[in-house]
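User: I am new to reading protein structures. Please walk me through a few features, one at a time.

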Amino acid sequence: MLSDEYISVSELNIYIKSYLENNYFLNDVYVKGEISNFKLHQSGTLYFAIKDEKSCVNVVMFKSYAMRLKVNLKDGDLVLIRGNISVYEAKGTYSINAKELIYDSKGMLLVQFEQLKAKLLSEGLFSNDHKKPLPLFPKSIGLITAPYGAAIQDMQKTIKSRWPLAQIIIFPCLVQGNDASNDIVKNIKLADEYGVDVIICGRGGGSIEDLWPFNEENVAYAFYNCKTPIISAVGHEIDVTISDYVADVRGLTPTDGAVKATPNLIDVLKQIKNYYDKLNESINNIIKSLKVSVDHYKNSYVLLNPNKIYEKYRFKVDDLENSLMMIMKELTYNEKSYISTLKEDLNKNINLIIQNNHKKLSLNSGALDALSPLKVLKRGYVFATINEKVIKSIDDVNLNDELNLELSNGRIISKVIAKEKL
């Protein structure tokens with residue numbers, strides 16, 4: 001090929017520049033990414049790159065556009081850029097000439113969401129080990145949500161239609177805005193202390209910014225520390241919040257949360273009816289089975305001939321009775337002999353005791369007779385007393401005292417008319 005058929009590098013870059021800068025799509029392109037290598041030139045022009053997980057592209061924002069920004073940019077900011085593609089011929093590189101730049105708040109929130117999600121996951125807040133089962137038949141249900149709007153109406157309507165036996169207790173709450181997360185935490189604690197059987201906390205759909213209070217860390221801990229079974233029912237089915245991961249049960253919507261919190265009364269009644277029918281059927285089957293058994297036993301040989309049952313035992317009873325009588329007779333004879341022997345021994349022992357006691361009595365009588373005062377009195381002595389007091393000395397007697405004189409065969413009362421001491 002002749003050298004005249006080759007084009008220069010400049011011609012190639014000019015062609016690429018013309019092609020890219022005149023492309024309809026690339027003339028008004030919208031790109032999002034994270035700022036990297038940010039530089040502010042002294043001329044007021046901004047130079048930086050925006051990147052995602054796989055690629056990056058340079059961005060230039062001239063002073064006339066940069067002056068419109070109301071924020072200071074820095075590395076790591078997520079931004080949305082509108083501009084056009086421009087080619088720098090000298091180096092054969094292209095960049096985005098940015099005309100508009102705004103923060104990608106949704107993207108930043110998603111980053112925060114993923115960071116908090118990873119943190120709470122590592123702490124075990126999403127573990128099934130801490131999740132509590134919902135009560136089968138709740139008597140009271142606490143609703144933490146905005147007091148007005150479709151969400152609370154849908155939840156109340158669903159609960160009343162499915163399980164009208166439950167008492168609904170509403171805890172009015174902010175569910176959007178800067179103060180919403182603190183208000184949600186306060187009402188979760190209030191409902192937990194109130195003593196309801198189950199709590200539904202949520203709101204209707206909205207943007208990620210609207211739902212953001214349910215992605216706050218303090219709300220996640222309030223869900224985790226709640227002792228009452230709690231359901232997170234936030235937004236639509238496609239909306240997923242941190243509270244959904246922490247809650248004991250996730251409701252895809254507020255209405256779905258109310259469904260999961262309640263049994264269906266119609267289904268319960270049907271189940272009771274089914275149990276009732278099965279119970280009746282089981283009872284009837286048992287009765288039929290027992291009737292068959294009764295008929296079987298009623299016609300059995302044993303019941304039709306009851307005397308036959310005892311015939312074989314009659315002979316045994318007679319034998320046992322005869323044996324018992326013989327044993328009793330033998331025992332009676334032996335007992336009589338034994339008693340007779342005991343009686344003879346007892347009589348011998350009694351006679352021996354009486355003889356011994358007679359001997360002792362004779363000896364004691366002799367000794368007693370020898371010491372008897374009557375013998376002394378028979379020898380001429382007198383036993384004298386005054387007022388039953390024995391007179392041992394003349395000093396015990398005064399003139400005119402009456403003396404009682406005991407003799408061996410009688411008593412004399414005398415009066416002292418004189419006394420003389422030896």
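User: Leaving aside its neighbours within four places in sequence, which residues is Asp183 in contact with?

Analyst: Contact means heavy atoms within 4.5 Å. With neighbours within four places in sequence left aside, Asp183 is in contact with Pro172, Cys173 and Leu174. Two notes on the source: this is a predicted model, where local features need pLDDT of at least 70 and side-chain atom pairs count only at pLDDT 80 or more, while totals for chains, interfaces and linings use all residues. Residues are numbered from 1 along each chain as its sequence is written, and side-chain values use heavy atoms, with hydrogens and water left out.

User: Where is Asp183 placed, and is Asp183 buried or exposed?

Analyst: Asp183 sits in helix H5. Helices (H or I, at least four residues) and strands (E, at least two) are DSSP runs, numbered from the N terminus. Buried means under 20% relative accessible area, exposed means over 50%, and partly exposed is in between (1.4 Å probe, protein chains only). Asp183 has 15% relative accessibility, so it counts as buried. Lys189 is also placed in helix H5. Lys189 counts as exposed, at 51%.

User: How do I read the buried residues of a helix? Which ones are buried in H7?

Analyst: Start with the general idea. An α-helix has 3.6 residues a turn, so residues three or four places apart point the same way. Now the case here. In helix H7 (residues 217-225), Val219, Ala220, Ala222 and Phe223 are buried. Looking down the axis of H7, these residues fall within an arc of 160°, so they line one face of the helix. The arc is that of the directions from the helix axis to the C-beta atoms.

User: What do the buried residues of H7 pack against?

Analyst: Their partners are helix H3 (105-122), helix H5 (180-194), strand S8 (198-203), strand S9 (230-234) and helix H8 (242-246).

User: At what angle do H5 and H7 pack?

Analyst: The angle is about 10°, and the axes are 9 Å apart. That makes H5 roughly parallel to H7. Axes are lines fitted to C-alpha atoms, for helices over the stretch in contact, and angles run from 0 to 180 degrees between N-to-C directions. Under 35 degrees counts as roughly parallel, over 145 as roughly antiparallel, 65 to 115 as roughly perpendicular and the rest as oblique.

User: Which residues of H5 and H7 meet?

Analyst: From H5 come Ser181, Asn182, Ile184, Val185, Ile188 and Asp192; from H7 come Asn218, Val219, Ala222, Phe223 and Asn225. The residues of this contact divide into 6 nonpolar, 4 polar and 1 charged. Ala, Val, Leu, Ile, Met, Phe, Trp, Tyr, Cys and Pro count as nonpolar, Asp, Glu, Lys and Arg as charged, and the others, Gly among them, as polar.

User: What about aromatic pairs? How many are there?

Analyst: A pair of aromatic rings is described by the distance of the centres and the angle of the planes. Rings of Phe, Tyr and Trp (its six-membered ring) pair if their centres lie within 6.5 Å; planes under 30 degrees apart are stacked, over 60 edge-to-face and the rest tilted. The count is 5 aromatic pairs. In one of them, the rings of Phe38 and Phe48 have centres 6.0 Å apart and planes at 35°, so the pair is tilted. Phe38 lies in strand S1 (residues 29-40) and Phe48 in strand S2 (residues 46-51), so the pair ties together parts that are 10 residues apart in sequence. Phe38 is partly exposed, at 24%, and Phe48 is buried, at 4%.
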